[in-house]
Amino acid sequence: MTTQDVANKLVAYLRKGQMFEAQAELYADDIVCIEPEGTMAPYFTKGKEAVAEKGKQFASMIEERHGGSCSDPVVGGRYFSISMSIDATMKGMGRQLFDEICVYEVKDGKIVHEQFLY
């Protein structure tokens with residue numbers, strides 16, 4: 001798959017709320033995930049299983065989801081980015097709006113690196 005193919009598939013999954021299915025199909029076994037320092041998520045996560053577990057932990061913190069969006073991808077070479085937002089009530093934290101830019105690197109048809117900027 002090309003970078004554009006991977007980007008389009010990821011966005012389609014995200015718009016259906018199927019992040020875990022996207023990870024299972026599109027992520028490399030040794031994927032690296034980078035989050036901003038000082039947030040509720042770990043800064044560095046490596047490996048498909050560890051990244052999936054991090055996502056499950058975040059999902060378990062959501063009390064109610066009110067909405068969200070995902071932009072079309074912007075592709076350049078083996079990289080692409082999307083803008084994503086989630087409007088949710090978080091357990092013990094109230095309603096939050098998460099707006100972020102997500103940057104991905106694709107190699108051999110799989111996402112090998114993701115970084116979230118918010």
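What follows is a chat about salt bridges, strands and a pocket.

Me: Before we start, what kind of model is this, and what pLDDT do local features need?

Reply: Residues are numbered from 1 along each chain as its sequence is written, and side-chain values use heavy atoms, with hydrogens and water left out. This is a predicted model, where totals for chains, interfaces and linings use all residues, side-chain atom pairs count only at pLDDT 80 or more, and local features need pLDDT of at least 70.

Me: How many salt bridges does a search of the whole structure find?

Reply: Side chains of opposite charge can pair when their charged atoms come close. The cut-off here is a side-chain nitrogen of Lys or Arg within 4 Å of a carboxyl oxygen of Asp or Glu. Searching the whole structure on that basis, the number of salt bridges is six.

Me: Is E35 buried or exposed?

Reply: E35 meets K54 in a salt bridge, 2.7 Å from N to O. That pair links the loop between β1 (27–34) and β2 (44–46) to helix α3 (residues 48–60), 19 residues apart. Buried means under 20% relative accessible area, exposed over 50%, and partly exposed in between, using a 1.4 Å probe and protein chains only. K54 has 13% relative accessibility and counts as buried, and E35, at 8%, also counts as buried.

Me: In the salt bridge of D87 and R95, which residue counts as exposed?

Reply: The side chains of D87 and R95 meet with 2.6 Å between N and O. D87 has a relative accessible area of 18%, so D87 is buried. At 53% relative accessibility, the exposed one is R95.

Me: How many residues of β5 are buried?

Reply: β5 (79–90) has antiparallel pairings with β3 over seven bridges and with β4 over three bridges; strands count as paired if DSSP finds at least two bridges between them. β5 also runs antiparallel to β6, with twelve bridges joining them. β5 is largely enclosed by the rest of the structure, because its buried residues number nine of twelve.

Me: Which residue takes a positive phi in the hairpin of β5 and β6?

Reply: Along this pairing, A88 has Q96 as its bridge partner, and M90 stands opposite G94. The hairpin leaves three residues between the strands. The residue with a positive phi near 75 degrees is G92.

Me: And which one takes a positive phi in the hairpin of β6 and β7?

Reply: β6 and β7 run antiparallel and are joined by seven bridges, with Y104 opposite E114. Two residues sit between the strands in this hairpin. Here the positive phi, near 50 degrees, belongs to D108.

Me: Which residues does L14 touch?

Reply: L14 sits in helix α1, and its relative accessible area of 16% makes it buried. Contact means heavy atoms within 4.5 Å. Not counting residues up to four places away in sequence, L14 touches M19, C70, I82 and M84.

Me: Which element supplies the largest share of the lining of the largest pocket?

Reply: On a 1 Å grid over the protein atoms alone, a pocket is an open set of points where a 1.4 Å probe fits, with protein on both sides within 12 Å along at least five of seven lines; lining residues have an atom within 4 Å of a point. The largest pocket is lined by 33 residues, with M19, G55, F58, I86 and E100 nearest its centre. Six residues, the largest share of that lining, come from α3.

Me: What volume does the largest pocket have?

Reply: Grid points are joined across faces, edges and corners, and the volume is the space filled by probe spheres set on the points. For the largest pocket, that space is about 820 Å³.

How values were computed. Helix = DSSP H or I, 4+ residues; strand = E, 2+ residues; numbered from the N terminus.
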